[in-house]
Amino acid sequence: MASELTLEEAWRLAIAKERESRELYERLAVLCADSATRGLFQFLAREEDRHEQVLQDEFDRAFMQDM
């Protein structure tokens, strides 16, 4: 049986998944010869970067107040 995540662990996992997705899209963009497809992957990478930043900012507000 899988153990349950704490709220902080879940936030950290979500942030990591956004980073992993961004890195994947960046790698895929490099592999594309077609400029339209490369542009799509670059756009998606930027979106994942934005998502990661939003989650990180919220995480910092929620869990890093005392630091």
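Q: Quick one to start: is Arg12 buried, partly exposed or exposed?
A: Arg12 is partly exposed, and its relative accessible area comes out at 45%. Keep in mind that this is a predicted model.

Q: What does the side chain of Arg12 meet in a salt bridge?
A: That would be Glu8, with 2.9 Å from N to O. Glu8 is partly exposed too, at a relative accessible area of 31%.

Q: Where do Arg12 and Glu8 lie?
A: Both are in helix α1, 4 residues apart, which is about one turn of the helix.

Q: OK, and how many salt bridges does the structure hold?
A: There are 8 salt bridges. One of them joins the side chains of Lys17 and Glu20, at 3.3 Å from N to O.

Q: How many residues apart are Lys17 and Glu20?
A: They sit 3 residues apart in helix α1, again about one turn of the helix. Lys17 is partly exposed at 44% relative accessibility, and Glu20 is partly exposed with a relative accessible area of 42%.

Q: Why would side chains pair like that at all?
A: In general, side chains with opposite charges can pair when their charged atoms come close.

Q: What does Asp49 form a salt bridge with?
A: With Arg22, where the closest N and O atoms are 3.7 Å apart. That pair links distant parts of the chain, since Asp49 is in helix α2 and Arg22 is in helix α1, 27 residues apart.

Q: Is Arg22 buried or exposed?
A: Arg22 counts as buried, at 16% relative accessibility.

Q: Which residues are linked with Arg22 in a network of salt bridges?
A: The network takes in Arg19, Arg22, Glu26, Asp49 and Glu52.

Q: Switching topic: how many aromatic pairs does a search of the whole structure find?
A: The search turns up 2 aromatic pairs. In one of them, Tyr25 and Phe41 are stacked, with 6.1 Å from centre to centre and 20 degrees between the planes.

Q: Where in the chain are Tyr25 and Phe41?
A: Tyr25 belongs to helix α1 (residues 7-31) and Phe41 to helix α2 (residues 35-63). They are 16 residues apart, and the pair links distant parts of the chain.

Q: Is Phe41 buried or exposed?
A: Phe41 counts as buried because its relative accessibility is 17%, and the cut-off for buried is under 20%. Tyr25 is partly exposed, at a relative accessible area of 22%.

Q: What else is Phe41 in contact with, leaving aside neighbours within four places in sequence?
A: Besides Tyr25, Phe41 is in contact with Leu28, Ala29 and Cys32.

Q: And how many Å apart in space are Phe41 and Glu26?
A: They are 6.7 Å apart, C-alpha to C-alpha, and 15 residues apart in sequence. Glu26 is also one of the residues in that salt-bridge network.

Q: Back to rings: is the pair of Phe59 and Phe63 stacked or tilted, and why?
A: That pair is tilted, because the planes are at 35 degrees, while stacked needs planes under 30 degrees apart. The ring centres of Phe59 and Phe63 are 4.9 Å apart.

Q: How are Phe59 and Phe63 placed along helix α2?
A: They are 4 residues apart in helix α2, so about one helical turn separates them.

Terms used: Residues are numbered from 1 along each chain as its sequence is written. This is a predicted model: local features need pLDDT of at least 70, side-chain atom pairs count only at pLDDT 80 or more; totals for chains, interfaces and linings use all residues. Side-chain values use heavy atoms; hydrogens and water are left out. Rings of Phe, Tyr and Trp (its six-membered ring) pair if their centres lie within 6.5 Å; planes under 30 degrees apart count as stacked, over 60 as edge-to-face and the rest as tilted. Helices (H or I, at least four residues) and strands (E, at least two) are DSSP runs, numbered from the N terminus. Buried means under 20% relative accessible area, exposed over 50%, partly exposed in between (1.4 Å probe, protein chains only). A salt bridge is a side-chain nitrogen of Lys or Arg within 4 Å of a carboxyl oxygen of Asp or Glu. Contact means heavy atoms within 4.5 Å.
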